[in-house]
Number of protein chains: 2
Amino acid sequence: MKPWSDKLRKVVPYTPGEQPVNTEIIKLNTNENPYPPAPGVKKALNSLDDRRLRLYPDTTAKPLVDALAAYYHLGQDQIFTGVGSDDVLAIAFMTFFNSDKPIFFPDITYSFYPVWTDLFRIPYETKALDDNFKIIKEDYYENNGGVIFPNPNAPTSYYEEISLVEDIICHNRNVIVIIDEAYIDYSGESALKLIDKYDNLLVVQTFSKSRSMAGMRIGYAMGNKELIKAMNDVKFSYNSYTMNLPSIESGIEAVNDEAYFKHNIDKILKTRTSTVAQLSQLGFEFPEPGGNFVFATHPEHRAKELFVALREKNIYVRYFDMPRIDDYLRITIGTDKEMKILMDAIKEICSNPT
Amino acid sequence: MKPWSDKLRKVVPYTPGEQPVNTEIIKLNTNENPYPPAPGVKKALNSLDDRRLRLYPDTTAKPLVDALAAYYHLGQDQIFTGVGSDDVLAIAFMTFFNSDKPIFFPDITYSFYPVWTDLFRIPYETKALDDNFKIIKEDYYENNGGVIFPNPNAPTSYYEEISLVEDIICHNRNVIVIIDEAYIDYSGESALKLIDKYDNLLVVQTFSKSRSMAGMRIGYAMGNKELIKAMNDVKFSYNSYTMNLPSIESGIEAVNDEAYFKHNIDKILKTRTSTVAQLSQLGFEFPEPGGNFVFATHPEHRAKELFVALREKNIYVRYFDMPRIDDYLRITIGTDKEMKILMDAIKEICSNPT
């Protein structure tokens with residue numbers, strides 16, 4: 001053992017989905033958008049004045065914050081931006097979860113939550129979803145150090161009604177409740193409308209899914225200005241300049257093109273509807289999907305075997321070898337063409353006797 | 001007080017230099033490069049295929065790591081990249097400084113160090129530089145939890161000989177020693193040549209200064225592969241995808257254009273030489289500069305007054321209202337034209353009786 005080894009931070013890092021270099025594959029494993037970003041994004045990049053790159057970017061990404069504030073009709077002091085919603089969530093964990101009491105989140109949820117609690121040494125307790133992968137709201141009434149859950153949830157894709165979300169916020173007025181809305185644009189009402197009513201609510205969203213910009217790394221949080229200030233203070237204690245110039249400039253273009261944004265979402269929703277119908281016909285079962293993905297299981301075919309067989313056909317979906325969900329596949333909604341290839345492959349695999 | 005206020009992390013954030021919106025000013029306050037990045041950077045951005053943005057970028061920024069590895073003749077497992085060297089340093093603090101013993105750094109140094117120790121609750125002790133702003137190496141022989149200092153130091157710009165650096169590394173084999181080389185390209189030998197000899201050494205550099213890419217946010221660390229793996233583990237526990245696609249693609253172009261890089265440095269060094277001569281002639285005193293900036297004091301004119309008077313003339317330099325250095329100005333090396341405007345302004349200010 002090296003003499004300095006005992007000073008290293010021991011962590012169990014998050015395992016992201018594979019990003020294969022081979023572009024021939026059908027990639028339905030990391031919930032990316034199959035369509036390109038708004039045309040303005042390309043224009044912003046292609047016309048970026050390289051001489052501006054010699055200067056540090058605005059520390060608060062103000063031009064992007066202004067665009068988001070105008071879009072959501074919020075104050076500029078109600079929006080925080082970061083390098084993807086993972087950066088935003090990590091800073092939120094650091095900023096808000098500093099209690100001796102455990103924070104609460106569902107047992108089946110975004111697998112980064114326990115990683116951050118480990119990294120920042122935050123006590124936590126998971127609350128089991130019911131057998132239909134629904135939140136049992138009363139579980140969150142107990143005394144705690146904070147609450148976080150995604151809505152729609154990942155990897156289940158299940159959307160909880162806003163009334164349940166509000167109920168949990170109401171019952172936790174003395175801690176911060178974070179609603180992680182990475183997939184909300186494919187679903188029902190956002191908790192955003194509640195941020196003026198509840199000063200303990202933080203809503204986190206991202207450009208990685210509905211805005212087709214996973215490669216640009218833009219996430220943001222919305223809440224009352226005291227929460228946003230507290231996050232900015234922590235951010236300024238970590239890295240003053242996080243959003244680079246291309247992110248800021250192209251992010252603005254994405255926000256300002258609402259027509260393209262809505263059209264992009266509509267296409268995904270249409271494909272999701274047909275995917276749901278086809279998967280049902282093939283005998284799959286799944287919670288009603290609220291995100292750009294379906295979390296499916298089959299009574300006769302093991303998820304792990306399907307995962308491996310699809311992979312052999314260069315079709316990547318996501319499989320989690322974890323309790324309660326180890327017989328499910330998380331399948332991202334791609335283009336109609338990609339979904340047809342997937343369905344044909346599943347039919348072929350399922351028709352072969354194993 | 002809000003009921004959740006006691007769960008907020010209380011921090012004293014870093015104060016970055018001003019980034020004024022007015023482009024008419026002469027900006028010599030944040031050590032940016034006055035010249036644009038290598039021409040390939042513009043080309044990479046202008047030809048970026050926007051369809052690639054829908055996908056997550058490579059989690060390890062592998063294409064950029066490969067380019068850096070080739071440039072420095074290192075293994076790919078010896079390089080870590082992040083969103084500016086602040087991101088890299090923050091992750092290094094989290095990864096390596098987990099001892100009950102205090103980490104050591106100079107009393108006059110990069111002012112982010114005490115901010116990170118505060119954020120991550122790392123005990124620390126500062127070691128006073130001597131009256132010429134030089135490190136007293138014996139101060140670092142005591143038992144400690146880790147060592148970090150910039151070389152050249154900031155804001156003093158003073159470069160310590162590699163023999164002193166090696167001596168401190170040698171005397172601290174049971175902890176990690178981080179040499180923060182943001183300004184090394186304007187100076188003497190890098191500690192990079194020592195990373196194979198000392199497994200407790202981490203060298204951190206940046207694209208923000210000598211590569212004119214502060215607006216792109218690219219920093220990197222080099223060390224033995226065990227250190228890099230430990231940093232990647234922590235990074236994957238914080239944010240899996242930090243380097244966005246434009247950073248990766250344009251960063252490669254900057255690394256690969258060595259001729260432009262050297263020419264850019266040469267221009268700054270020439271201007272630094274003439275700046276040093278002119279400031280001396282005006283009666284200023286300063287440590288021999290090793291970075292792209294001069295840390296200057298004047299026996300007859302108070303730094304703070306000069307700072308304010310220059311600001312009124314739309315010339316921004318950096319002033320730190322801190323013990324031992326509150327009569328110094330940190331002046332970034334700009335273009336020859338900018339430095340002439342600065343010198344004329346200083347002459348005018350100094351010739352006016354106050």
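Author: Strand β6 (residues 177-180) of chain B pairs with β7(B) in the parallel sense, over 4 bridges. Two strands pair if DSSP finds at least two bridges between them. Helices (H or I, at least four residues) and strands (E, at least two) are DSSP runs, numbered from the N terminus. Within this pairing, D180(B) stands opposite V204(B) in β7(B).

This is a predicted model: local features need pLDDT of at least 70, side-chain atom pairs count only at pLDDT 80 or more, and totals for chains, interfaces and linings use all residues. Residues are numbered from 1 along each chain as its sequence is written, while chains are lettered from A and ligands numbered from 1 in the order in which they are written.

β7(B) also pairs with strand β8 (residues 219-223) of chain B. Here the sense is antiparallel, over 5 bridges. V203(B) stands opposite M222(B) in β8(B).

Now the cover. A residue is buried if 20 or more other C-beta atoms lie within 10 Å of its own, exposed if 12 or fewer, and partly exposed in between; C-beta atoms are placed from the backbone. In a regular strand the side chains alternate between the two faces of the sheet. Both faces of β7(B) are covered. L201(B), V203(B) and Q205(B) are buried on one side, and L202(B), V204(B) and T206(B) on the other.

Chain B also touches chain A. The contact takes 75 residues from chain B and 75 residues from chain A. Two residues are in contact if their C-beta atoms, placed from the backbone, lie within 7 Å. On the side of chain B, the elements that give two or more residues are α1 (39-46), α3 (84-96), α4 (112-119), α6 (225-236) and α7 (245-256). α3(B) gives the most, with 7 residues. By class, this side of chain B has 36 nonpolar, 21 polar and 18 charged residues. Ala, Val, Leu, Ile, Met, Phe, Trp, Tyr, Cys and Pro count as nonpolar, Asp, Glu, Lys and Arg as charged, and the others, Gly among them, as polar.

One residue of chain A reaches across. L48(A) is found in the loop between α1 (39-46) and α2 (62-72) of chain A. L48(A) is buried, with 22 other C-beta atoms within 10 Å. Leaving aside neighbours within four places in sequence, L48(A) is in contact with L245(A), P246(A), E249(A) and L45(B).

A helix of chain A is covered on one side. In α9 (residues 303-312) of chain A, A303(A), L306(A), F307(A) and L310(A) are buried. They cover an arc of only 100° around the axis, which puts them on the same side of α9(A). The arc is that of the directions from the helix axis to the C-beta atoms. The face turned away from the buried side of α9(A) carries the exposed residues V308(A) and E312(A). What covers the buried residues of α9(A) includes β12 (329-332) and α10 (336-351) of chain A.

Last, chain A as a whole. Its secondary structure comes to 10 helices and 12 strands. Buried residues make up 55% of its 354 residues. The model scores ipTM 0.95 and pTM 0.95.
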